[in-house]
Amino acid sequence: MKTCQMLYPRDTATRRAVSMDGMWRFQTDGQQEGRDEHWMDGLPGTDTIPVPASFQDFYTDKDMREFTGDVWYETDVFVPGEWEGQEVAIRFGCAAHRAEVYVNGVHMISHEGGFLPFLAVVTKIVRYNAFNKVVAVVNNELNVTSIPCGETKVLGNGKKMAHPYFDFFNYSGLLRPVKLITYPKEHIEDLSLVHTFQGADALVHYQVETTGEHPVTVEVFDGLSEKIASCTGKEGTLVIPHVHKWDIRDGYLYRFVIRIMDEETVIDEYHDYIGIRTIQIRGTEILLNGRSVYLKGFGKHEDSDIVGRGFNMGVMKRDLECMKWIGANCFRTSHYPYSEEIYQMADREGILVIDEVAAVGLFKSLMNFMEASTGRETAFFQAPTIPALLENHLQCVEDMICRDKNHACVIAWSLLNEPETTDAAAVPYFEKIFAKAHEADPQKRPRTFAMIMNSLPHNCKCYPFSDFLSLNRYYGWYMLGGYEISDAENAFRKELDAWEAKELDKPVVFTEYGADTNPAEHKLPSVMWSQEYQIEYLEMCHRVFDSYPFVAGELVWNFADFQTTEGILRMNGNKKGIFTRQRQPKMAAYYYKKRWTKDLS
């Protein structure tokens with residue numbers, strides 16, 4: 001059986017997917033007594049909590065918001081009798097950051113990695129035509145052997161506290177949908193697709209993995225009804241005549257239907273909605289369907305009021321509508337893979353996505369966004385914990401690509417965010433991560449990583465691994481801010497001149513730049529934190545971008561204000577949003593709408 005099991009659950013002629021979302025029983029375990037007290041057989045309290053959601057912001061006491069350790073979830077699920085003889089599993093969209101699952105008191109699975117799905121196969125444990133008790137214990141402690149990285153410290157009162165090496169709140173719990181699914185014993189496990197164009201047609205090479213030896217058929221439908229291509233065999237090439245290419249704001253999707261057949265009997269059936277497009281790097285250009293595109297958009301977070309990092313369909317819809325209104329064509333899933341439903345909507349809406357694994361915090365600092373601008377080095381990759389971290393990181397890269405490889409919206413993989421790169425010890429680590437991404441992706445998409453402020457042309461050891469450079473730069477904010485902004489512009493240009501002198505023949509995309517802004521603050525003349533200064537800062541950055549032809553994109557930090565760990569450098573969160581946390585526009589949103597809607601590419 002494949003390690004990733006990433007096919008999105010769908011109802012078909014042979015499969016069923018039943019939502020387990022709703023109010024689950026809930027209990028924190030600050031004394032770590034749950035296992036000894038056999039909470040897997042049933043939780044002691046009566047509290048309930050919504051799933052999916054982060055648990056931190058529902059309560060009114062600070063101990064709950066900051067709780068670090070094990071939290072327990074419990075629900076009862078009915079398994080129909082007609083499912084007997086099939087495989088039955090529970091699919092968790094994610095559990096941040098690690099989980100153990102019990103069904104009817106029996107341990108089913110342990111999973112590490114907080115932003116990707118996992119499957120607990122419960123066929124032999126469940127009682128059919130009866131309710132079954134499902135218990136998940138989720139742990140949100142941070143360490144340096146799993147991603148995202150950080151520390152867990154113990155306060156004088158004995159309570160644990162998360163110290164992230166990253167600048168966003170450590171929201172956790174069962175953040176994404178949970179589904180009870182059934183599928184045949186002999187079933188489809190994976191589908192891989194590679195697209196090329198031949199005149200007006202598309203050639204789609206496919207590969208299907210199954211658990212048996214019965215023959216496979218693949219059919220392609222235009223919309224839901226008209227069959228336009230078909231092929232037999234677990235591997236082959238489909239010819240799509242007069243293909244409607246997937247493109248920006250034209251998210252045209254074909255319906256692919258895969259079946260395992262026993263003569264005329266369907267053993268298993270799965271379908272997916274696929275956009276057909278190509279993506280490649282040519283010199284300093286990013287090419288979509290052979291046409292140069294300039295990336296315009298955002299770094300984002302899955303972050304909203306009350307539910308934290310929990311998947312919220314309404315917020316997803318609002319975010320995509322705001323992106324369309326402002327003229328954006330791209331976002332980066334900073335700093336972790338997002339909910340699968342978000343990629344599905346990006347596919348439908350024709351929005352480009354740089355898909356990022358949760359490798360953030362590989363720079364040992366509780367304030368790396370500040371300390372990196374000082375040139376501080378941490379020798380992160382010399383630590384004895386690196387082999388364990390690398391193993392987890394590689395697995396997360398493989399799982400992310402296995403899950404997301406067929407999404408037309410995904411145009412690149414971002415494999416680390418703001419790691420330490422000035423130490424030669426980072427090179428073999430990067431080499432393995434980038435090789436794994438190339439090996440895992442049948443479409444061989446471009447690979448990149450987001451470079452922190454001290455990763456500069458003269459000292460960064462790892463930029464050669466990237467197919468395009470992703471620069472996170474804050475000239476005019478974390479360094480040379482306010483009235484010094486003229487010197488910030490000169491320093492910014494000096495760095496880009498140094499990159500240009502290296503004659504890399506690669507695109508550069510600015511994956512972060514921005515200025516914190518209080519949406520209620522106006523000041524004439526401007527000062528830092530005012531809306532006026534945010535626009536002056538952005539105008540300076542764009543003057544720089546527009547001066548260098550190798551710049552292929554601008555993804556401002558951030559789409560919306562988001563929650564962070566409390567501290568004197570953050571006023572109830574990061575306020576660099578172009579929109580407020582409630583998804584209302586700041587002045588800068590109208591500035592971007594004017595800049596980004598000059599053309600519709």
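Q: Two strands pair if DSSP finds at least two bridges between them. Helices (H or I, at least four residues) and strands (E, at least two) are DSSP runs, numbered from the N terminus. Which strand pairs with β30 in the parallel sense over five bridges?
A: This is a predicted model, where local features need pLDDT of at least 70, side-chain atom pairs count only at pLDDT 80 or more, and totals for chains, interfaces and linings use all residues. Residues are numbered from 1 along each chain as its sequence is written, and side-chain values use heavy atoms, with hydrogens and water left out. Within β30, Val 556 stands opposite Phe 298. The strand with those five parallel bridges spans residues 295–299, and that's β23.

Q: Which residue is the bridge partner of Val 508 in β30?
A: Look at strand β29 (residues 508–512), which runs parallel to β30 and is joined to it by three bridges. In β30, Val 508 has as its bridge partner Val 551.

Q: How many residues of strand β30 are buried?
A: Buried means under 20% relative accessible area, exposed means over 50%, and partly exposed is in between (1.4 Å probe, protein chains only). Strand β30 covers residues 551–557 and is largely enclosed by the rest of the structure, because the buried count is seven of the seven.

Q: What radius of gyration does the protein chain have?
A: The radius is taken over C-alpha atoms, and the globule rule is 2.2 Å times the number of residues to the power 0.38. The C-alpha atoms fill a box of roughly 70 × 70 × 45 Å along the principal axes. For 601 residues, a compact globule would come in near 25 Å, which agrees with the chain's 24 Å.

Q: What share of the contacts between residues at least 6 apart in sequence joins residues at least 24 apart?
A: The chain has nine helices and 30 strands, and 61% of its 601 residues are buried. Contact means heavy atoms within 4.5 Å. Among contacts between residues at least 6 apart, the share joining residues at least 24 apart is 72%.

Q: How far apart are the mean positions of the positive and negative charges?
A: Lys and Arg count as positive and Asp and Glu as negative, with His and the chain ends not counted. Each charge is placed at NZ of Lys, CZ of Arg, CG of Asp or CD of Glu. The chain has 63 positive and 85 negative charges, and the gap between their mean positions is 3 Å.

Q: Is Leu 191 buried or exposed?
A: Leu 191 lies in strand β13 (residues 188–198). Leaving aside neighbours within four places in sequence, its contacts include Leu 7, Tyr 206, Val 208 and Ile 258. Its relative accessibility is 3%, so Leu 191 counts as buried.

Q: What is the omega of the cis peptide bond between Trp 557 and Asn 558?
A: Most residues other than glycine have a negative phi, and most peptide bonds are trans. Ala 96 and His 97 are joined by a cis bond with omega of about 5 degrees. Asn 558 sits in the loop between β30 and α9 (587–596), and for the cis bond from Trp 557 to Asn 558, omega is about 15 degrees.

Q: Is Arg 583, a non-glycine with a positive phi, buried or exposed?
A: Glu 263, in the loop between β18 (254–262) and β19 (265–274), has a positive phi of about 55 degrees. Glu 263 is exposed, with a relative accessible area of 71%. Arg 583 is in the loop between β30 and α9 and has a phi of about 65 degrees. Its relative accessibility is 4%, so Arg 583 counts as buried.
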